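Hi everyone, thanks for coming. I'd like to take a few minutes to walk you through a model on the screen.

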Amino acid sequence: QGKNWAVFQVTDGVAQVRIVKIGHRNTAMAEVLEGLEPRARVVLHPSDKVADGTKVEERLAGKGAGS
């Protein structure tokens with residue numbers, strides 16, 4: 001989101017853009033310091049089809065395409 005870090009938080013099956021402040025990070029993980037409540041659900045690997053307001057479905061790890 002410009003110069004800001006952002007994630008898609010999922011609320012009631014809808015992706016919503018949330019600006020977050022990132023702390024420590026590496027190639028696999030990032031520490032979220034601000035912008036999300038604990039245990040918030042987020043889209044881990046959004047495609048270019050996901051935008052603010054897109055309806056999404058939860059998918060369990062290992063149950064997606066290619067697994």
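I'll start with the strands and then turn to a pocket.

Please keep in mind that this is a predicted model. Let's begin with strand β1, which covers residues 5-11, and strand β2, which covers residues 14-25. These two run antiparallel to each other, and their pairing extends over 7 bridges. If you want one place to look along that pairing, find V7, which has R18 of β2 opposite. The hairpin between β1 and β2 has 2 residues between the strands, and D12 there adopts a positive phi near 55 degrees.

Now follow β2 onward. Through 4 residues, a hairpin leads from β2 into β3. Strand β3 spans residues 30-34 and is also an antiparallel partner of β2, this time over 3 bridges. Here the pair to look for is I22 with V32, its bridge partner in β3.

So much for the strands; on to the pocket. How much space lies in the second largest pocket? The volume comes to about 360 Å³. Its lining is made up of 18 residues, and W5, V7, A30, V43 and L44 are the closest to the centre. You'll remember V7 as the residue opposite R18.

Which strands supply the lining of this pocket? At least two residues come from each of β1, β2 and β3, and β1 gives the largest share, with 4 residues.

Definitions and conventions:
Residues numbered from 1 in each chain as written. Predicted model: local features only at pLDDT ≥ 70, side-chain atom pairs only at ≥ 80, totals over all residues. Heavy atoms only, no water. Pairing = 2+ DSSP bridges. 1 Å grid on protein atoms, 1.4 Å probe; cavity = no way out; pocket = protein on both sides within 12 Å on 5 of 7 lines; lining within 4 Å. Points joined across faces, edges and corners; volume = space filled by probe spheres on them.
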